[in-house]
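Please keep the sequence and the coordinates at hand while reading.

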Amino acid sequence: MRPQHYAGRAAGRLRSREYCGKAALDFLAGVWPSLAERDTAATVYQDPDWLLAWARHLPASCEPLIVAAVAGRRPAAALALVREADRTGRTRITPLSWPACEQVRPVGESKEAVSVLVRRLPHLADDVLIADVAAGSVLDRQASSRWGRPHTQTLYATLALPLDLTSLSRSTRRDHTCRRRAIEALGDRVGYHRTRTTPELLAACDVLQALFRRRNAPRAPAAGTADLALPWRQVLAHCAPTAFIATLTLDTHPVAAQLCLRRGDRVHSVITAMDPAHGGLAPGHALLHRLCEDLTDEGRTLLDLGRTTAADGQRAYKAAYGALWTTTHTYTAPPNDRPLARQPAAAAHLQTVALR
């Protein structure tokens, strides 16, 4: 596998190399898995099957791009990206699988290796946008040091499993109890199912998309709402080992569905949809309770609810489950690797967006 570009910049013995197009696909299939396996900070969004699936379904104006920090011929870290050229020839780099992914990281997060990646990126396109970088991660610290403060910050929600609602307010606990009793009163009319196979996953994907469209049809989608024009079905066809969809039914008819990705003891919720015709039953809440119980029984300890918007009640919805709040950052790289002057704190304003 030959790199298509080589950069002479180095940090110690580390140098940057870029792999484009087919070379990037070969890197994701052959080299990336071992880097991801050794990186304990890697999330499911760095899973090679997930990234390969998105890389194989890019528009014609885009190419996959891997930027790696190498020592000799051995990659020490790598970042998966997409480079897009518009009709004028202007190029833009964004993370591979973004905005579907909600945690952007390189694999192999050593300080020196990530520093090489951050220094190289501004030379590879006219515009470079690195979004959803976990606050406090190595990439976050290196980008902030080199490029200045993040352009935006986004709230990010995580639930610890098993759910512990005892610390919530009395009124919130009462709301949970009332919703649970309403569902329990329906008895066997309510069903819960999680996909286990690729055919089940693809069939449930169709259901999820139908529910999503039904819920959003009467109104303009909230900012950051999942883009169903993305090739979700094609991607999920390659991701059955890591992806599943949980579905809640009423009299065998789906009323809520939730797409999730899993890695280790952590699960990421990616898209949630529900039937507005059954809003009085709060099927989204009922499904989330069932899902949390299911994941707890399976030994999972964290459920990421991800990006969170203040609009559409998302923040209140997640706070009602005792969400743990962190932030992710979005950076715009300066041109030609000129370090930005430090910006006042007010320049990094809070922007809450969600793929929900």
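The model is predicted, and the protein chain holds 10 helices and 14 strands.

**Overall make-up**
- Of the 356 residues in the protein chain, 53% are buried, while the chain exposes about 15,900 Å², of which carbon and sulfur atoms supply 51%.
- When contacts between residues at least 6 apart in sequence are considered, 75% of them join residues at least 24 apart.

**Nonpolar cores**
- The largest nonpolar core has 76 residues, and the members that touch the most other members are Phe27, Trp32, Trp50, Ile66, Leu121 and Ile130.
- This core draws at least three residues from domain 1 (14–155) and at least three from domain 2 (162–218 + 230–300).
- Leaving aside residues up to four places away in sequence, Leu121 touches Val67, Leu79, Leu81, Val128, Ile130 and Trp147.
- As general background, nonpolar side chains in soluble globular proteins tend to be buried together.

**Cysteines**
- Cys62 counts as buried because its relative accessibility is 17%, which lies under the 20% cut-off.
- Cys101 also counts as buried, because its relative accessibility is 2%.
- With a disulfide taken as a pair of cysteine sulfur atoms within 2.5 Å, the count comes to zero disulfides.

How values were computed:
Residues are numbered from 1 along each chain as its sequence is written. This is a predicted model: local features need pLDDT of at least 70, side-chain atom pairs count only at pLDDT 80 or more; totals for chains, interfaces and linings use all residues. Side-chain values use heavy atoms; hydrogens and water are left out. A nonpolar core is a set of buried Ala, Val, Leu, Ile, Met, Phe, Trp, Tyr and Cys residues joined through side-chain atoms within 4.5 Å. Buried means under 20% relative accessible area, exposed over 50%, partly exposed in between (1.4 Å probe, protein chains only). Domain bounds come from an automatic or database domain assignment. Contact means heavy atoms within 4.5 Å. Helices (H or I, at least four residues) and strands (E, at least two) are DSSP runs, numbered from the N terminus. Accessible areas come from the Shrake-Rupley method with a 1.4 Å probe; for residues, only the protein chains shown count as cover.
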